[in-house]
Amino acid sequence: MKIDLLSLTLPELESEITALGYPKFRAKQIFEWMYRGANFSEMSNLPLQMRSQLAEKTQINVPIIAKKLVSALDGTVKYLFELADGNYIESVLMRYKYGLTICISSQVGCRMGCKFCASTIDGKVRDLLPSELLGQIIAAAKDSGERISHVVMMGIGEPLDNYDNVIRFLKLVNMPNGLGISYRSISLSTCGVVPKIAALAEEELPITLSISLHSADDRARSEIMPVNNAYGVAELLCACNSYFEKTGRRISFEYTLIEGKNDSKAEAERLASVLKKYMKCPIHVNLIPLNPVAERDFKTVDRANAAKFAETLNRHGVNATVRRTLGPDINASCGQLRRQSTK
Ligand code: SAH
């Protein structure tokens, strides 16, 4: 096993580098190169022999761009990244008024089994390492030539099913001598793994927790999201309240609108009443028209119906907006590029 350098803090890197027989100051040099996305051969202030030894005994794990799609409509970039072991993941780089936001993957595939989602069709292959999580940001920043200021963990995989690596990643990405991205500019999205939400609250990192709710009714939710069989809606919402108590961060809910499944006025009213009943903190609901997946038999809703659903929520005092679609021409929002490439 090669040493996974980018998963280390600077002091940890220093002890690995000195254990390999090099002076401590070399670690700082390597650290700076890694965060700029350089490979060993580009580390021009290191002796040649050291560079080849590092390549033999260690690895950095910044993924390689296998494919890049740029939206002609809004400049959104979708990357298909190849990992060191030949697996593929996807990231999406979006431009907002407040800066560049990257949506990163947390696993190769996913085992949560949500029925409308492309990432879960062939199950989970493996977890991503902290270096591979960071590496997506480093590779995209290098490619775009600009600083990335915001991160959303909403790509392929369930971040709370890769808990330890994700926590280490969050601490690394925040380090001032690394990427220095503020916790407040990071969102983590989960399908609702309740014990891990509780654990995350204990870490007291002021990131935004985003819950993929998609239905406020246990029976309907269990039908489309198997995780709901383990942790029901009431339990999930109580975990969200505790998260707010620990972190002071409002909770964001995602609600993917699926025609005939969860998009009726009655469903909007039920959602409003359940949220008002349980939630004891500020919340926001993001409505997302389903991005239809070829292998799945679900239909999307049109913008007008989505707007009506939002209206119903707002009328009942629940803050809701329909998410702006970015990169519609490059199929920016699901795990389908990876599927095409794996086949
Ligand atoms: N596993 C995490 C994060 C990845 S999914 C989670 O479940 O939150 C990011 C968001 O995209 C989730 O809200 C997920 O339910 C939603 N999603 C998945 N497939 C989708 C599709 N085909 N159309 C619209 N949203 C989808």
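Which strands each supply at least two residues of the shell around the ligand? Strands E10 (186-190) and E12 do. This is a predicted model.

**The ligand and its shell**

- The ligand is surrounded by 17 residues. Gly157, Ser189, Ser212, His214 and Asn291 are the closest of them.
- By type, the shell holds seven nonpolar, eight polar and two charged residues.
- Ser212 places a polar side-chain atom 2.6 Å from an oxygen atom of the ligand.
- A polar backbone atom of Thr190 is 3.3 Å from a ligand oxygen. For Cys191, a backbone N or O atom lies 3.4 Å from an oxygen atom of the ligand.
- On its own, the ligand has 530 Å² of accessible area, and the protein covers 91% of that.

**Strand E13: buried on both faces**

- E13 spans residues 283-289. Seven of its seven residues are buried.
- In a regular strand, side chains alternate between the two faces of the sheet.
- One side of E13 carries Ile283, Val285, Leu287 and Pro289.

**Neighbours of E13**

- Strand E12 (residues 251-257) pairs with E13 in the parallel sense, over seven bridges.
- Within this pairing, Glu254 stands opposite Asn286 of E13.
- How does the chain get from E12 to E13, and what is the hand of this crossover? The chain passes through helix H10 (residues 265-278), and the β-α-β crossover is right-handed.
- Strand E14 (residues 320-322) is joined to E13 by three bridges, and the two run parallel.
- Asn286 has Thr321 as its bridge partner in E14.
- A right-handed β-α-β unit is made by E13, helix H11 (residues 303-315) and E14.

**Ser215: a loop residue**

- Where is Ser215 found? Ser215 sits in the loop between strand E11 (208-212) and helix H7 (218-224).
- Is Ser215 buried or exposed? Ser215 is buried, because its relative accessible area is 1%, and the cut-off for buried is under 20%.
- The side chain of Ser215 has a polar atom that lies 3.2 Å from the backbone nitrogen of Asp217.

Terms used. Residues numbered from 1 in each chain as written. Predicted model: local features only at pLDDT ≥ 70, side-chain atom pairs only at ≥ 80, totals over all residues. Heavy atoms only, no water. Buried < 20%, exposed > 50% of the residue type's maximum accessible area, 1.4 Å probe, protein only. Helix = DSSP H or I, 4+ residues; strand = E, 2+ residues; numbered from the N terminus. Pairing = 2+ DSSP bridges. Right-handed = clockwise from strand over helix to strand, strands pointing away. Near = heavy atom within 4 Å. Polar contact = N/O pair within 3.5 Å; in protein donor to acceptor, adjacent residues only side chain to side chain. Areas by Shrake-Rupley, 256 points an atom, 1.4 Å probe, with all protein chains shown as cover. Nonpolar A, V, L, I, M, F, W, Y, C, P; charged D, E, K, R; others polar.
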